[in-house]
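Let's take a walk through this structure together, starting with the overall layout and ending with a pair of side chains. Keep the view open as you read.

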Amino acid sequence: MNNLVSPVLEPSFSPLKLNQKSLPWQVCAVVAGTLFLTLSSYVTVPMVPVPITMQTFAVTLVGALYGWRLGAVTVTAWLVEGAAGFPVLAGGAGGIAHFFGPTGGYLFAFPVTAALVGWLAERGWNGNRLFHAFAAMMAGNAACLLLGAAWLAVMIGWEPAMVHGVLPFILGGVLKSALGAATLAVLARRQSSMKQS
(Lines give C-alpha, C1' and ligand atoms only; values in the text may rest on other atoms or scores of the structure.)
Protein backbone atom coordinates (compact mmCIF):
# COMPACT_ATOMS: atom_id res chain seq x y z
CA MET A 1 0.00 0.00 0.00
CA ASN A 2 2.87 2.36 0.79
CA ASN A 3 4.19 1.86 -2.74
CA LEU A 4 1.08 3.58 -4.09
CA VAL A 5 1.86 6.77 -2.22
CA SER A 6 4.22 8.93 -4.24
CA PRO A 7 6.98 10.65 -2.28
CA VAL A 8 7.03 14.42 -1.88
CA LEU A 9 8.95 15.75 -4.85
CA GLU A 10 11.75 18.10 -3.90
CA PRO A 11 12.68 20.73 -6.51
CA SER A 12 15.39 19.27 -8.74
CA PHE A 13 16.62 22.74 -9.60
CA SER A 14 16.42 25.33 -6.86
CA PRO A 15 19.40 27.69 -6.90
CA LEU A 16 17.89 29.76 -4.11
CA LYS A 17 16.97 26.68 -2.05
CA LEU A 18 14.10 28.61 -0.48
CA ASN A 19 12.33 25.40 0.50
CA GLN A 20 15.22 24.78 2.92
CA LYS A 21 15.26 28.28 4.40
CA SER A 22 13.60 29.57 7.55
CA LEU A 23 10.38 31.57 7.49
CA PRO A 24 12.19 34.95 7.87
CA TRP A 25 14.35 34.06 4.84
CA GLN A 26 11.24 33.20 2.85
CA VAL A 27 9.54 36.45 3.87
CA CYS A 28 12.64 38.36 2.70
CA ALA A 29 12.50 36.41 -0.57
CA VAL A 30 8.86 37.42 -1.05
CA VAL A 31 9.75 41.09 -0.46
CA ALA A 32 12.69 40.86 -2.89
CA GLY A 33 10.45 39.14 -5.42
CA THR A 34 7.83 41.88 -5.24
CA LEU A 35 10.56 44.48 -5.81
CA PHE A 36 11.78 42.55 -8.87
CA LEU A 37 8.21 42.35 -10.18
CA THR A 38 7.76 46.08 -9.60
CA LEU A 39 10.94 46.90 -11.52
CA SER A 40 9.76 44.73 -14.41
CA SER A 41 6.52 46.74 -14.48
CA TYR A 42 8.42 49.94 -15.25
CA VAL A 43 9.85 48.44 -18.46
CA THR A 44 6.81 49.14 -20.60
CA VAL A 45 5.74 49.88 -24.15
CA PRO A 46 2.39 51.72 -24.13
CA MET A 47 -0.29 49.96 -26.18
CA VAL A 48 -4.09 49.99 -26.12
CA PRO A 49 -5.85 48.31 -24.41
CA VAL A 50 -2.97 46.29 -22.85
CA PRO A 51 0.64 47.56 -22.59
CA ILE A 52 3.71 45.42 -23.25
CA THR A 53 5.88 45.02 -20.14
CA MET A 54 8.56 42.70 -18.75
CA GLN A 55 6.09 41.49 -16.12
CA THR A 56 5.57 38.05 -17.64
CA PHE A 57 9.34 37.54 -17.77
CA ALA A 58 9.57 38.39 -14.06
CA VAL A 59 6.50 36.34 -13.10
CA THR A 60 7.74 33.20 -14.89
CA LEU A 61 11.26 33.63 -13.50
CA VAL A 62 9.97 34.06 -9.94
CA GLY A 63 7.89 30.92 -10.38
CA ALA A 64 10.85 28.92 -11.70
CA LEU A 65 13.26 30.11 -9.00
CA TYR A 66 10.90 30.14 -6.01
CA GLY A 67 8.86 27.03 -6.78
CA TRP A 68 5.14 26.91 -7.37
CA ARG A 69 3.98 27.66 -3.82
CA LEU A 70 6.27 30.53 -2.87
CA GLY A 71 6.21 31.84 -6.43
CA ALA A 72 2.43 32.15 -6.38
CA VAL A 73 2.55 33.70 -2.88
CA THR A 74 5.13 36.28 -4.03
CA VAL A 75 3.15 37.28 -7.12
CA THR A 76 -0.05 37.48 -5.06
CA ALA A 77 1.69 39.72 -2.50
CA TRP A 78 2.80 42.02 -5.33
CA LEU A 79 -0.76 42.18 -6.69
CA VAL A 80 -2.08 43.01 -3.21
CA GLU A 81 0.41 45.90 -3.12
CA GLY A 82 -0.94 47.06 -6.47
CA ALA A 83 -4.55 46.77 -5.36
CA ALA A 84 -3.71 48.78 -2.24
CA GLY A 85 -2.56 51.64 -4.46
CA PHE A 86 1.20 51.22 -4.41
CA PRO A 87 2.79 52.17 -7.77
CA VAL A 88 3.91 48.63 -8.61
CA LEU A 89 1.88 47.79 -11.72
CA ALA A 90 2.62 48.59 -15.38
CA GLY A 91 4.21 52.02 -15.74
CA GLY A 92 4.00 52.68 -11.99
CA ALA A 93 0.22 52.35 -11.80
CA GLY A 94 -1.66 51.20 -8.74
CA GLY A 95 -5.18 50.89 -7.43
CA ILE A 96 -8.01 48.38 -7.42
CA ALA A 97 -9.52 49.79 -10.64
CA HIS A 98 -6.78 48.13 -12.71
CA PHE A 99 -8.08 44.72 -11.62
CA PHE A 100 -11.45 45.41 -13.22
CA GLY A 101 -10.25 47.06 -16.43
CA PRO A 102 -8.83 45.54 -19.64
CA THR A 103 -5.67 44.32 -17.88
CA GLY A 104 -7.53 42.64 -15.00
CA GLY A 105 -7.46 39.16 -16.53
CA TYR A 106 -3.71 39.29 -17.03
CA LEU A 107 -3.17 40.43 -13.45
CA PHE A 108 -5.31 37.62 -12.05
CA ALA A 109 -3.49 35.18 -14.35
CA PHE A 110 -0.04 36.06 -12.96
CA PRO A 111 -0.19 33.86 -9.80
CA VAL A 112 -1.45 30.97 -11.95
CA THR A 113 1.42 31.58 -14.37
CA ALA A 114 4.02 31.59 -11.58
CA ALA A 115 2.55 28.42 -10.05
CA LEU A 116 2.49 26.62 -13.41
CA VAL A 117 6.10 27.47 -14.28
CA GLY A 118 7.24 26.68 -10.73
CA TRP A 119 5.46 23.33 -10.79
CA LEU A 120 7.10 22.42 -14.10
CA ALA A 121 10.53 23.63 -12.91
CA GLU A 122 10.27 21.41 -9.85
CA ARG A 123 9.69 18.47 -12.16
CA GLY A 124 12.78 19.02 -14.27
CA TRP A 125 11.61 21.68 -16.72
CA ASN A 126 14.37 24.00 -15.58
CA GLY A 127 17.84 25.31 -16.31
CA ASN A 128 19.35 21.83 -16.36
CA ARG A 129 17.33 21.11 -19.52
CA LEU A 130 17.25 24.22 -21.69
CA PHE A 131 14.49 23.16 -24.09
CA HIS A 132 12.26 22.09 -21.20
CA ALA A 133 12.93 25.39 -19.42
CA PHE A 134 11.91 27.26 -22.57
CA ALA A 135 8.77 25.13 -22.89
CA ALA A 136 7.85 25.85 -19.25
CA MET A 137 8.27 29.58 -19.83
CA MET A 138 6.18 29.36 -23.00
CA ALA A 139 3.47 27.46 -21.14
CA GLY A 140 3.38 30.21 -18.52
CA ASN A 141 3.18 32.95 -21.14
CA ALA A 142 0.46 31.07 -23.02
CA ALA A 143 -1.60 30.59 -19.86
CA CYS A 144 -1.31 34.28 -19.05
CA LEU A 145 -2.35 35.34 -22.55
CA LEU A 146 -5.30 32.96 -22.69
CA LEU A 147 -6.64 33.87 -19.25
CA GLY A 148 -6.08 37.57 -19.91
CA ALA A 149 -7.79 37.37 -23.31
CA ALA A 150 -10.77 35.53 -21.80
CA TRP A 151 -11.30 38.44 -19.39
CA LEU A 152 -10.80 40.97 -22.19
CA ALA A 153 -13.26 39.10 -24.43
CA VAL A 154 -16.01 39.64 -21.88
CA MET A 155 -15.42 43.38 -22.28
CA ILE A 156 -14.81 43.74 -26.03
CA GLY A 157 -15.58 40.35 -27.65
CA TRP A 158 -13.39 37.40 -28.66
CA GLU A 159 -12.10 38.65 -31.99
CA PRO A 160 -10.96 42.08 -30.74
CA ALA A 161 -9.53 40.41 -27.62
CA MET A 162 -7.40 38.11 -29.77
CA VAL A 163 -6.33 40.96 -32.05
CA HIS A 164 -5.45 43.39 -29.25
CA GLY A 165 -4.78 41.11 -26.29
CA VAL A 166 -2.96 38.10 -27.74
CA LEU A 167 -1.44 38.56 -31.21
CA PRO A 168 0.75 41.60 -30.36
CA PHE A 169 2.25 39.68 -27.42
CA ILE A 170 3.17 36.37 -29.06
CA LEU A 171 6.62 37.39 -30.33
CA GLY A 172 7.40 39.11 -27.02
CA GLY A 173 6.30 35.98 -25.17
CA VAL A 174 8.67 33.84 -27.23
CA LEU A 175 11.58 36.25 -26.66
CA LYS A 176 10.89 36.56 -22.93
CA SER A 177 10.61 32.78 -22.65
CA ALA A 178 13.99 32.40 -24.36
CA LEU A 179 15.51 34.99 -22.03
CA GLY A 180 14.00 33.27 -18.99
CA ALA A 181 15.26 29.85 -20.08
CA ALA A 182 18.74 31.27 -20.74
CA THR A 183 18.76 32.89 -17.29
CA LEU A 184 17.85 29.56 -15.68
CA ALA A 185 20.55 27.78 -17.71
CA VAL A 186 23.22 30.23 -16.50
CA LEU A 187 22.09 29.80 -12.89
CA ALA A 188 22.06 26.01 -13.28
CA ARG A 189 25.64 26.05 -14.60
CA ARG A 190 26.77 28.23 -11.72
CA GLN A 191 25.07 25.94 -9.24
CA SER A 192 26.73 22.90 -10.84
CA SER A 193 30.18 24.50 -10.81
CA MET A 194 29.78 25.50 -7.15
CA LYS A 195 28.93 21.90 -6.25
CA GLN A 196 32.01 20.63 -8.07
CA SER A 197 34.41 23.11 -6.46
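How many helices and strands are there in the protein chain? This is a predicted model, and its protein chain holds seven helices and two strands. Starting from the N terminus, the order of the elements is α-β-β-α-α-α-α-α-α. The chain has 197 residues, and 43% of them count as buried. If you take the contacts between residues at least 6 apart in sequence, 69% of these join residues at least 24 apart.

Now turn to a pair of helices. Helix α1 covers residues 23-41 and helix α2 covers residues 55-66. The two pack with their axes 8 Å apart, at an angle of about 160°. Angles over 145 degrees count as roughly antiparallel, and α1 and α2 are therefore roughly antiparallel to each other. Their crossing is right-handed.

Which residues meet there? From α1 come A29, V30, A32, G33, F36, L37, S40 and S41, while α2 brings Q55, F57, A58, V59, L61, V62 and Y66. Sorted by class, this contact has 11 nonpolar and four polar residues, with no charged ones.

For charged side chains, we look elsewhere. Side chains of opposite charge can pair when their charged atoms come close. Searching the whole structure turns up one salt bridge. It joins the side chains of R123 and E122, at 3.8 Å from N to O. Are these two partners buried or exposed? E122 is buried, with a relative accessible area of 11%, whereas R123 is partly exposed at 34%.

Key. Residues are numbered from 1 along each chain as its sequence is written. This is a predicted model: local features need pLDDT of at least 70, side-chain atom pairs count only at pLDDT 80 or more; totals for chains, interfaces and linings use all residues. Side-chain values use heavy atoms; hydrogens and water are left out. Axes are lines fitted to C-alpha atoms, for helices over the stretch in contact, and angles run from 0 to 180 degrees between N-to-C directions. Helices (H or I, at least four residues) and strands (E, at least two) are DSSP runs, numbered from the N terminus. Angles under 35 degrees count as roughly parallel, over 145 as roughly antiparallel, 65 to 115 as roughly perpendicular and the rest as oblique. A crossing is left-handed if the near helix is turned anticlockwise from the far one by less than a right angle, and right-handed if clockwise. Contact means heavy atoms within 4.5 Å. Ala, Val, Leu, Ile, Met, Phe, Trp, Tyr, Cys and Pro count as nonpolar, Asp, Glu, Lys and Arg as charged, and the others, Gly among them, as polar. A salt bridge is a side-chain nitrogen of Lys or Arg within 4 Å of a carboxyl oxygen of Asp or Glu. Buried means under 20% relative accessible area, exposed over 50%, partly exposed in between (1.4 Å probe, protein chains only).
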